[in-house]
Amino acid sequence: MNIGILGAGNVGLALSKGLVHAGHHVLISSRDPKNSKYYAWKHEVGNNGDITTFNIAAKLADIIIVALPWSCLREVLEKIDPAHLKNKTIIDVSNAVQFDNAPRLLFDSTSAGELVQEWLPNSYVVKTLNTISDKKMVHPNFIEGMPTMFISGNEIHSKNQVKSLLNDLGWIDIVDLGDIRQSRLQESIMLVCVISEIQLQAPDSAFALLKH
């Protein structure tokens with residue numbers, strides 16, 4: 001499967017390597033795809049990946065992962081030809097957080113996931129992977145066990161596609177919370193995790209759902 005990743009930062013690179021290892025072809029994208037800082041990544045993935053523009057990555061992808069900072073996410077989406085995004089599964093891993101004084105969510109009555117779906121009305125947005133550090137997004141094995149990953153979205157087929165990709169990345173315990181409005185819960189879980197990490201001085205932590 002061709003996976004397009006909008007963004008070539010830590011999150012985009014981590015996911016790209018995991019997906020290439022699982023047998024997918026990955027296009028990461030950047031404002032400056034010819035930057036020499038991507039040479040090492042290209043050498044590592046070989047013919048299974050390439051670095052290109054946002055527009056081309058979206059055009060050639062079967063599934064698109066949005067791995068951009070919240071501050072520029074809408075701007076990038078609006079510059080992509082809408083035809084390249086239409087009827088495609090869009091995985092949103094973003095978080096809209098303000099860190100003044102103490103971490104808090106930017107929105108009270110909506111969520112980043114809902115806004116991405118609003119901006120892309122002809123796409124199928126699925127929220128996931130926003131509750132975990134980029135260092136633990138692929139094969140998230142902890143001494144205490146396997147963490148839980150949550151998903152939400154409006155379209156069942158797209159959620160099934162995302163579950164399959166999560167399996168490819170090593171996720172076993174996946175919980176479907178419902179439609180895209182449940183992004184609010186996922187983003188709240190992310191905030192709880194961030195604050196817990198700060199309080200416990202335990203970076204790269206995750207939550208697990210213990211079942212009886």
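In the predicted model described here, Q186 is placed in helix α7, which spans residues 183-200; helices (H or I, at least four residues) and strands (E, at least two) are DSSP runs, numbered from the N terminus. Residues are numbered from 1 along each chain as its sequence is written, and side-chain values use heavy atoms, with hydrogens and water left out. Because the model is predicted, local features need pLDDT of at least 70 and side-chain atom pairs count only at pLDDT 80 or more, whereas totals for chains, interfaces and linings use all residues.

Q186 counts as buried because its relative accessibility is 0%, where buried means under 20% relative accessible area, exposed over 50% and partly exposed in between (1.4 Å probe, protein chains only). When residues up to four places away in sequence are not counted, Q186 touches K127, T128, N130, T131, F150, I151, S152 and L177, a contact being heavy atoms within 4.5 Å. A polar atom of the Q186 side chain lies 3.0 Å from the backbone oxygen of K127. The C-alpha atom of Q186 is also separated by 9.3 Å from that of S111, although these two residues are 75 residues apart along the chain.

The sheet is open and is formed by eight strands in the order β3-β2-β1-β4-β5-β8-β9-β10, with mixed pairing; two strands pair if DSSP finds at least two bridges between them. Its edge strands, each of which pairs on one side only, are β3 (49-52) and β10 (173-176). From one strand to the next, the twist averages 25 degrees, with axes taken as lines fitted to C-alpha atoms (for helices over the stretch in contact) and angles running from 0 to 180 degrees between N-to-C directions. Strand β4 (residues 63-66) pairs with β5 in the parallel sense over four bridges, and I65 has I91 in β5 as its bridge partner.

Strand β9 (residues 148-153) is mostly covered, as six of its six residues are buried. T148, F150 and S152 point one way from this strand, while M149, I151 and G153 point the other way. In a regular strand, the side chains alternate between the two faces of the sheet. Strands β8 and β9 run antiparallel and are joined by two bridges, and the bridge partner of K127 in β9 is S152. By contrast, β9 and β10 run parallel and are joined by four bridges, with T148 having D173 as its bridge partner in β10.

Helix α5 (residues 112-119) is likewise mostly covered, with six of its eight residues buried, namely A112, G113, E114, L115, V116 and Q117. These buried residues pack against α4 (70-79), β5 (89-92), β8 (124-127) and α7. The helix α5 lies across β5 and β8, and runs at about 170 degrees to β8.

The largest nonpolar core has 28 residues, and those with the most contacts inside it are I3, I5, I28, I65 and L129; such a core is a set of buried Ala, Val, Leu, Ile, Met, Phe, Trp, Tyr and Cys residues joined through side-chain atoms within 4.5 Å. At least two residues of this core are supplied by each of β1 (2-6), α1 (10-21), β2 (25-29), α2 (39-45), β4, β9 and α6. Apart from it lies another core, of 22 residues, among them F54, C72, V125 and I180.

Terms used
Polar contact = N/O pair within 3.5 Å; in protein donor to acceptor, adjacent residues only side chain to side chain.
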